[in-house]
Amino acid sequence: MATARGKSAGAKRTAKIPQLDWAEARPAPVVLISGPEGFLADRASQAIRDALRTAHADLEVHDVDAAAYTAGELFTIASPSLFAEPRLIRVDAVERCSDAFLEDAKRYVAAPAEDTTLVLRHASGQRGKALLDLVRGGAGSGVEIPCAEVKKDQDRLAFAQAEFRRLGAQASPGALRMLVAAYSGGIGELAGACAQLVSDAGPRISEEQVTRATEGRVETNGFKVADAATAGRAADALVLLRQALSTGTDPIPLLAAVNMKVRAMARVYGAGGANGALAKELGMAPWQVERAQREVRGWREEDLARTIDLAAETEWRLKGGSRDPEYALEKYLLVVASRGRRR
């Protein structure tokens with residue numbers, strides 16, 4: 001899955017405990033949820049709680065703020081009660097933990113309490129590293145769930161695809177691409193969009209359904225412009241561009257959408273082999289490779305190089321280097337479209 005590629009190099013070097021994908025989250029005496037992707041971390045923590053509650057209806061859940069922790073709090077919560085109910089202790093903000101928490105937690109993981117699951121949430125940074133190294137070294141018989149930020153296009157596509165599978169649905173490659181383009185912010189928003197689409201449209205998601213659901217979003221308009229330009233339809237690209245600009249759309253994300261397609265074309269240019277193997281090598285989905293190969297037909301290597309150079313120049317003009325950024329963007333689209341007409 002997407003997040004498996006995002007495990008930090010430091011965690012790989014020091015970890016002697018199982019490294020689990022967030023979708024494989026399970027209880028253990030100590031669970032370290034590391035990395036900056038809060039949405040995935042919350043999903044993993046929720047899965048652990050649900051698994052424990054399914055097995056133990058009398059589960060006690062305690063939430064601890066490591067930054068505001070006072071000495072002895074962890075041992076008080078973990079100490080056996082009269083009825084010996086199982087416990088889940090969720091500790092947030094370990095990256096901002098107090099000195100008292102750090103000392104107590106290092107003592108605790110050396111001998112975890114029975115029938116207790118301790119979940120440590122560490123977003124990033126060096127604070128608490130000694131504790132993390134202990135856990136990764138095997139203290140507490142724990143597991144780690146790395147939750148790296150999901151930023152790359154192929155990782156966001158893989159996440160959306162996995163979301164639809166989780167919801168018992170399937171989206172076409174084009175629908176996935178449009179949806180990911182439309183929701184380019186946090187993946188929580190993307191996950192919500194997937195759920196809403198399935199609720200509204202059912203288990204088979206098409207490009208038309210995504211278009212209706214995302215109509216008016218800047219990124220979606222950008223990809224319509226990009227599709228027309230790389231297909232060599234200059235007039236259509238300009239009409240779509242002017243429509244987007246007339247509604248107040250900023251030129252920068254429109255340029256970014258075109259550049260994303262041009263970069264994909266440059267990556268597959270001259271590459272041979274099966275789409276599956278090529279996709280793995282380039283870090284792209286097979287359908288992305290196939291589409292980029294189709295779009296790059298008729299382009300020459302020097303044309304791609306000049307277009308990429310022009311893209312950088314256009315971005316500079318859009319960010320203050322020109323008195324007429326809209327004209328600069330139109331000029332760039334015409335260059336891209338003129339290459340696309342050769343196919």
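Why is the sulfur of Cys 147 too far from the closest cysteine sulfur for a bond? The sulfur of Cys 147 lies 18 Å from that closest cysteine sulfur, which belongs to Cys 194, and so the two are too far apart for a bond. A disulfide is a covalent bond between the sulfur atoms of two cysteines. Here, a disulfide is counted when a pair of cysteine sulfur atoms lies within 2.5 Å.

The model is predicted: local features need pLDDT of at least 70, side-chain atom pairs count only at pLDDT 80 or more, and totals for chains, interfaces and linings use all residues. Residues are numbered from 1 along each chain as its sequence is written, and side-chain values use heavy atoms, with hydrogens and water left out.

By the distance rule, the count comes to 0 disulfides. Cys 97 is in no disulfide. The nearest cysteine sulfur to that of Cys 97 is that of Cys 147, 19 Å away. Cys 97 is buried, with a relative accessible area of 4%. Cys 147 is also buried, at 0%. Buried means under 20% relative accessible area, exposed means over 50%, and partly exposed is in between (1.4 Å probe, protein chains only).

The protein has 343 residues, and 46% of them count as buried. The protein contains 16 helices and 7 strands. These are DSSP runs numbered from the N terminus: helices are H or I with at least four residues, and strands are E with at least two. Along its principal axes, the C-alpha trace spans about 75 × 45 × 40 Å. Among contacts with a separation of 6 or more, 76% join residues 24 or more positions apart. Contact means heavy atoms within 4.5 Å.

Helix H6 (residues 153-166) packs with helix H8 (residues 187-201) at an angle of about 40 degrees. Their axes are 10 Å apart. Axes are lines fitted to C-alpha atoms, for helices over the stretch in contact, and angles run from 0 to 180 degrees between N-to-C directions. From H6, the contact uses Arg 156, Phe 159, Ala 160, Glu 163 and Phe 164. From H8, it uses Ile 187, Leu 190, Ala 191, Cys 194, Leu 197 and Val 198.

Strand E4 (residues 116-122) includes Thr 116. Thr 116 is buried, with a relative accessible area of 5%. Leaving aside neighbours within four places in sequence, Thr 116 is in contact with Ala 28, Pro 29, Ala 78, Arg 87, Ile 89 and Tyr 108.
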